[in-house]
Amino acid sequence: MIRSAPRRLATLIGVLGDEGLRLFFPLAALQAALWPALWVIVQGLDLPFACDLPPALWHGHEMLVGAWGAALIGFLTTALPEFSDTPRLRGRPLMWLALVWGVARVVGLLGADVLGLVAGLADLAWIGGLVAYGIRVSILKRTWDYTGFAVWLATLAATEAFFRFAAATGDVIAAQTALRLVGLTFLGFLGLALARISVPVTNLVLDPSEETSPWRPHPGRRNLAPGLVAVALAGEIAALEPAVSGWLWIAAGAAFLDRAGETFVGRAFFRLEILALFASAAVSGLGLVLVGAGRLGAPWPESAALHVAFQGGLGVAVMAVLAIAGLFHTGRPLPFPRPLWAAFTAVLAAAALRTLPNLGVIGEPPGGPHVIASLLWAGGFLVWLAVYWPFLAETPKGHTSGC
């Protein structure tokens, strides 16, 4: 029995290293669930070693580059090989990505400014590795079809470098700007992902036999959302006047709302798989519109509107990606497992409790907007992990142990 435990652990590591989502989706769910709860309940929103940057910036960075970053690694290292019909990353390359990603997350959990350079280099290492991977796939297939991901990855590297430079120099205003750019970059990824995911998922819901493709979105709007996000991002870099940049944010939000409108496909709209895609686009679009309206004079703080997009919209989007890819890449069909109704509801409720009081829509819940929200948020992602862990940890067909 003593000898079998290391053998089981080695087998599990080999299984998790067989495909990017098997390793990084659980890491994304664990950080999304545990880090906010630890910050709120154990540390009281304070960070023991944060001196140069306010804890709020550390929190925002760790959710975007940390939790959403892990989901991005899992998605790209799984989806790009599928889209391009190229060999996927397996074994040691995935473990090295997990190692450098994890180093930065430990620093972020503590808000250790003194180790900011180490964390920044670690984050830039995994982002740079993904950039190289995307370029390599494009070269292998001799196509420009996947360079969109590489461009957004390069943008993520640039905005992350900007954030780390601002943090190192103690420039809080520049760090806030950089974090907005990082969030916009992830929304750009979301626009690309929705364009890729929505079509097969919607058609599977409408025709599980896959004999027909009854739903086809307008091809001219396929890249509208990421394109207008890129314009808004360029406006932020150019430091345009609020009255100008506000309209750019509203335009980007409208593109996501347009994407949400495409999910109205009759009765099937009420399937959780379609509702998840709708909510990810609709809440992201709403957040972007609220930011733009605030810059045009609406009476709410921009931070609350940003939370709608970056926490609510991206949170539901990440949950949707975890749920969809987690089924397809473990050989399981739709529909979603029933407990995911509770998971999505908890994530949306957490985002609402976190943002609506600051927007002036509702009063603060008992204990402020953070405690109950952090518990609901953690519960949503832990429900997903509890349901999907047996799928991800089982040995895939044809798997051989080892890295």
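**View 1. Helices α3, α7 and α11 around the largest cavity.** In this predicted model, α3 (55–84), α7 (172–206) and α11 (302–328) each supply at least two residues to the lining of the largest cavity, where helices are DSSP runs of H or I with at least four residues, numbered from the N terminus. A cavity is a set of points, on a 1 Å grid over the protein atoms alone, where a 1.4 Å probe fits but cannot get out, and lining residues have an atom within 4 Å of a point. The lining comprises 13 residues, and L72, F189, L190, V318 and V321 lie nearest the centre of the cavity. By class, the lining has 13 nonpolar residues, with no polar and no charged ones.

**View 2. The largest nonpolar core.** This core, a set of buried Ala, Val, Leu, Ile, Met, Phe, Trp, Tyr and Cys residues joined through side-chain atoms within 4.5 Å, has 130 residues, of which W68, L187, F336, F381, W384 and Y388 touch the most other members. Here buried means under 20% relative accessible area, computed with a 1.4 Å probe on protein chains only. Helix α11 gives the most to this core, with 18 residues.

**View 3. Helix α5 and the residue after it.** The 26 residues of α5 (residues 116–141) should span 38 Å at 1.5 Å a residue, and the end C-alpha atoms are 38 Å apart, which agrees. The helix is followed by R142, whose phi is positive, near 50°.

Residues are numbered from 1 along each chain as its sequence is written. Local features need pLDDT of at least 70, side-chain atom pairs count only at pLDDT 80 or more, totals for chains, interfaces and linings use all residues, and side-chain values use heavy atoms, with hydrogens and water left out.

How values were computed
On a 1 Å grid over the protein atoms alone, a cavity is a set of points where a 1.4 Å probe fits but cannot get out, and a pocket is an open set with protein on both sides within 12 Å along at least five of seven lines; lining residues have an atom within 4 Å of a point. Ala, Val, Leu, Ile, Met, Phe, Trp, Tyr, Cys and Pro count as nonpolar, Asp, Glu, Lys and Arg as charged, and the others, Gly among them, as polar. Buried means under 20% relative accessible area, exposed over 50%, partly exposed in between (1.4 Å probe, protein chains only). The expected span of a helix is 1.5 Å times one less than its number of residues.
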